[in-house]
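Please keep the structure in view while I go through its parts in turn.

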Amino acid sequence: MYSLTASGHVWLIFFFFSSSAKGNLETPSFQPGILYQYHYSLQVQLDYVSRLSLRGSWMRAEALVQVHLLWRNHAGQQLLQIQLQDLKAYHDSEHEKSQNLTGNPSTMIVLGKEDNAELQLPVFLHWNNGKVEGIFGDGGGRPLVLDLKRGLISLLQFQLHSGTATEEDVSGSCQVSYDVSKDSIVKTKDLHSCTRPKFGFTSVNKIFRVLWQATSKSLYSVQGSLIQSVLSEESHLVSPALKSSIGTKIISRQKLELLSSSMPGPAETPGQSLQEALAGILEKHHPISIISQPFRRTCMRCPSLKSYLKTFGNKRVKMDVSKSSTTWWFHRFIHVLRDAKKRDVLQLLRKAPEKMVLFFIDAAVAAQSTASLAALSEFLDFSNKKQAPLLEQFLYAAAFSPRPSKELLHLVLDKLNGKELDPAIWETGIIVIGSLAGKLCRMKLCGLQEVGLGMETVLRRLRETEDNSEIIIYLLSLQNALLPETIPTLLHYAEEGSAAVSGTAVSALQRFSSQHITTEVKKAMRRIFHQTNRNYEKTCRLAAAGILLDNEPLPMDLTNILLATRQLEAEMSTFLLSKIQTSLHSYHHPAWKAMKEILKDPHINNYNYLSKLGSSSSFLGPLAVTEDMLSTFSLELLFTESGLLRKSVSGFLLQSHGHQLQAAQVSLEAQGLDAVLGESGTEGEEEQELMAGMSAIFFDVQLRPIVFFRGYADLMAKVLLSSGEPTSVVKGNVLLMDHEQAIPLQSGLQTVVKLQGALGLDISATIDMNIWEQESRTSIKTRGGLAIDFTAEIDAPSFQASVKSQTEAEASINFDTAVRFSGSPVLMCLQLREEQLPYREIFTTSESSLNQSITVRKGRQGTIAGRELPLHKANSEMCKILLTEAKEQ
């Protein structure tokens with residue numbers, strides 16, 4: 001077997017020189033009474049993107065094509081009969097070639113009797129000056145056989161003048177461009193412009209999307225009015241955006257070459273019109289769409305939920321969501337549930353052991369089938385407080401859905417409507433409504449009745465309530481939705497709300513992209529930061545300054561913020577200066593260029609303005625950099641003037657191909673502790689309630705905030721009765737990537753690409769505060785098991801081939817803080833540790849025909865060493881002191 005890629009260039013060069021003789025193009029036509037014979041061949045290669053010793057699959061076919069004219073009129077319209085004869089097909093894998101170095105390694109594909117018979121049945125082409133006006137047959141036909149004929153007929157679609165046009169062929173309705181010179185025609189098809197029958201789905205978030213690069217070019221050689229040869233070649237490169245090395249490349253080529261135009265053929269069929277001519281040929285003629293109709297393979301050996309339930313009582317699966325083995329089981333169960341009936345899903349949920357119900361709820365939501373959602377609707381009772389853990393699991397599974405449906409949003413709205421709910425479930429439900437509505441809008445489904453009802457519910461209830469805790473929940477729902485039309489509402493609460501409400505609204509505005517941070521938004525942020533109309537809480541002011549700094553900042557804003565640092569408290573000033581200096585070390589930061597210009601002014605760039613007096617800091621640095629992704633870690637620490645930690649925000653951001661995703665962001669906040677220790681609060685600030693809590697964002701979804709304690713009595717109770725057990729932040733299986741795409745090849749063969757990526761996530765937090773020793777410790781543990789399954793399939797009559805890439809990894813990240821505020825200065829140690837990361841990749845090539853079935857696998861594995869990330873020099877020095885003292889005690 002020779003390389004398709006290398007030989008393709010040889011073919012193109014040969015074609016160019018063989019068709020360079022001078023000639024004049026005439027209206028394309030076939031003459032009556034002549035049987036035209038062409039040699040037709042096609043080749044398809046399905047391979048991996050990664051350079052592996054294991055290669056993909058290769059198939060070729062060749063046949064004799066007979067064409068003759070049946071009918072024509074004076075306007076240039078013709079009815080042609082096209083018939084395939086003596087078709088032979090071969091397949092060949094590289095692993096077969098390596099095992100058989102002598103002789104021809106190609107294996108002939110044995111065609112089924114029905115496929116072989118249908119391939120030889122003629123089709124009738126309505127042809128008009130080189131354009132395909134219609135295809136007709138007797139109404140029968142197997143889909144794969146019809147697609148091969150569509151691919152052949154698509155080669156007869158061209159025009160004789162340069163320019164662009166919209167044409168329908170096997171690929172769909174596509175934009176094509178022509179470059180005509182002498183007796184050759186170059187046709188380039190824009191495959192990304194093609195519209196075709198709806199098929200498949202994709203993830204909402206662009207980070208988890210699939211990249212598809214495609215090219216298609218055809219070269220025609222025409223002498224006079226007769227087609228001499230056609231060479232068509234297309235290529236596809238498909239891969240996940242996050243890891244392009246596990247994708248697939250597809251190359252398809254067709255060649256049609258004239259053998260004979262001198263053999264006598266049938267006479268013309270009489271008829272005044274096309275319909276009369278067709279009636280004389282076929283008793284019943286049916287139009288056949290030239291556009292390929294996508295379809296899914298039928299899995300004959302896939303397990304069913306019904307068979308699983310028969311042995312369900314004997315199965316006891318150890319569930320550790322952070323293990324990749326559990327994540328793979330989650331993959332498989334999604335496929336099982338997508339084909340299951342409602343009664344079987346309901347039986348599964350009702351009979352499952354308590355420890356497995358949460359897993360099945362995650363899988364049922366991820367399956368997104370009508371049956372699974374109906375079963376969930378019947379199983380979940382939102383008025384039953386005993387089901388609270390199951391209800392919260394369902395709501396978060398819905399929020400994390402990579403491609404939610406209107407049925408899923410309808411289910412959530414229905415369950416929350418008019419019921420007496422547990423307060424935590426109500427809060428979670430409201431927040432989830434925003435996430436679902438926002439994702440559906442990004443899927444261009446904002447006009448759905450369910451989306452309008454969901455957002456109207458949130459906004460109406462927000463206007464009606466005066467309870468600050470309720471207002472915050474509704475604002476978090478708007479933050480999850482990220483709809484530009486809600487920005488005026490957020491601005492109102494940012495400027496007019498209480499301290500907690502104002503801070504929540506400004507934090508929501510921080511999540512919007514720069515294109516939505518308009519002049520009006522910036523004006524409001526200036527009023528908040530500079531306290532033009534009223535006093536604001538310091539975290540709210542700093543968040544407003546962050547919006548001004550991170551979104552195409554004006555030199556005026558940068559100058560005013562720097563000047564304001566001399567009037568701010570030491571910790572606020574230190575925080576802002578640290579944030580500005582962080583931007584100076586990042587060439588891609590929006591403020592970098594403007595800040596460089598401002599610091600040329602010696603009146604600002606001096607010790608008086610840029611010196612740091614406090615302990616607060618802002619840090620941003622890279623974690624991992626690959627060809628496809630940049631992962632960064634950020635940490636913001638704000639202390640009170642007495643040295644206590646006021647707020648910490650740690651986050652992991654993924655950036656890929658111009659898009660970004662907040663993979664994780666955890667905010668720990670404490671207020672009012674100064675008064676407990678006898679310290680006075682900041683002058684001008686409203687008195688703060690004693691409180692500590694946590695707020696988290698995972699995969700761009702804001703979760704319900706968790707309150708550790710509220711008030712002095714609650715604090716003392718938590719301190720005295722603390723069990724030392726961690727608080728679960730989120731635990732479950734999340735489907736991150738869900739993609740299915742049909743790519744009809746020019747040759748008529750169908751390719752289907754599937755990507756499914758799931759993550760088992762277990763995040764817990766522990767906070768330990770010792771009032772007597774004046775120490776506090778917090779620990780956030782994140783463990784996860786990732787599994788990505790990527791498959792590309794090709795289907796042809798009596799032959800199937802696929803290449804599969806499976807990737808798995810298990811990661812663990814710990815973020816610990818230790819603070820001693822008994823002395824001055826306050827000592828604080830931050831530790832961010834990545835445990836060793838084991839990973840494994842498995843590659844599988846499969847081919848199946850009537851006479852042979854082959855599956856070959858190869859794999860590779862390794863371990864990435866663990867590490868502790870140095871955050872900044874001052875932190876390292878403090879850690880040495882605290883950790884040394886802890887060892888000595």
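**Helix packing, cores and strands**

I shall begin with a pair of helices: H12 passes H14 in a left-handed crossing. This is a predicted model, and I ask you to keep that in mind throughout. H12 covers residues 406–416, and its axis lies 9 Å from that of H14, at an angle of about 35°. On the H12 side, Lys406, Leu409, His410 and Leu413 take part, and they meet Glu450, Val451, Leu453 and Gly454 in H14.

H14 also packs against another helix. Which residues does H13 span, and at what angle do H13 and H14 pack? H13 runs over residues 423–442 and H14 over residues 449–464, and the two pack at about 135° with their axes 9 Å apart. Angles over 145 degrees would count as roughly antiparallel, and H13 and H14 are therefore oblique to each other. Their crossing is left-handed. From H13, the contact involves Trp426, Ile430, Ile433, Ala437, Leu440 and Cys441, while H14 contributes Val451, Gly454, Met455, Val458 and Arg461.

H15 brings Asn468, Ile471, Ile472, Leu475, Leu476 and Gln479 to the contact, and H17 brings Ala500, Val501, Thr504, Ala505, Ser507 and Ala508.

The next helix to consider is H16. Which residues of H16 are buried? They are Ile487, Leu490, Leu491, Tyr493, Ala494 and Glu495. Their cover includes H14, H15 (468–481), H17 (499–510) and H18 (519–529). H16, residues 487–496, also has the highest mean pLDDT among the elements of the protein, at 97.

I now step back to the whole protein. It has 889 residues, of which 55% count as buried. Its secondary structure comes to 26 helices and 28 strands. The C-alpha trace spans about 110 × 70 × 60 Å along its principal axes. Among contacts between residues at least 6 apart in sequence, 68% join residues at least 24 apart.

What of the nonpolar residues inside? In soluble globular proteins, nonpolar side chains tend to be buried together. Here the largest nonpolar core holds 247 residues, and Phe360, Phe394, Met525 and Phe698 touch the most other members. Apart from residues up to four places away in sequence, Phe394 touches Ile361, Val365, Leu376, Leu380, Phe382, Leu408, Leu411 and Val412. There is also a second, separate core of 9 residues, which includes Trp71, Phe136, Ala277 and Leu278.

Phenylalanine 815 is in strand S24, residues 799–820. Is phenylalanine 815 buried or exposed? Its relative accessibility is 7%, so it counts as buried, the cut-off being under 20%. Serine 779 is 36 residues away from phenylalanine 815 in sequence, yet their C-alpha atoms are 5.8 Å apart. Beyond its neighbours within four places in sequence, phenylalanine 815 is in contact with Phe633, Leu635, Ser650, Thr778, Ser779, Ile780, Leu830, Gln831 and Leu832.

One of those partners is glutamine 831, which is found in strand S25, residues 827–834. Glutamine 831 has a relative accessibility of 15% and therefore also counts as buried. With near neighbours in sequence left aside, glutamine 831 is in contact with Asn814, Phe815, Asp816, Glu868, Cys879 and Leu883.

Proline 555 and alanine 594 are 39 residues apart in sequence, with 6.0 Å between their C-alpha atoms.

I close with the confidence of the prediction. The average pLDDT of the protein is 86, and 90% of the residues score at least 70. Helix H1, residues 4–18, has the lowest mean pLDDT among the elements, at 44. Over residues 1–23 the pLDDT stays under 50, and the model has 38 contacts beyond four places in sequence for this stretch. Residues 95–103 are also below 50, with 13 contacts beyond near neighbours in sequence. Where pLDDT is low, the predicted coordinates should not be read in detail.

Conventions: Residues are numbered from 1 along each chain as its sequence is written. This is a predicted model: local features need pLDDT of at least 70, side-chain atom pairs count only at pLDDT 80 or more; totals for chains, interfaces and linings use all residues. Side-chain values use heavy atoms; hydrogens and water are left out. pLDDT is the predictor's confidence in each residue, from 0 to 100. Helices (H or I, at least four residues) and strands (E, at least two) are DSSP runs, numbered from the N terminus. Contact means heavy atoms within 4.5 Å. A nonpolar core is a set of buried Ala, Val, Leu, Ile, Met, Phe, Trp, Tyr and Cys residues joined through side-chain atoms within 4.5 Å. Buried means under 20% relative accessible area, exposed over 50%, partly exposed in between (1.4 Å probe, protein chains only). Axes are lines fitted to C-alpha atoms, for helices over the stretch in contact, and angles run from 0 to 180 degrees between N-to-C directions. Angles under 35 degrees count as roughly parallel, over 145 as roughly antiparallel, 65 to 115 as roughly perpendicular and the rest as oblique. A crossing is left-handed if the near helix is turned anticlockwise from the far one by less than a right angle, and right-handed if clockwise.
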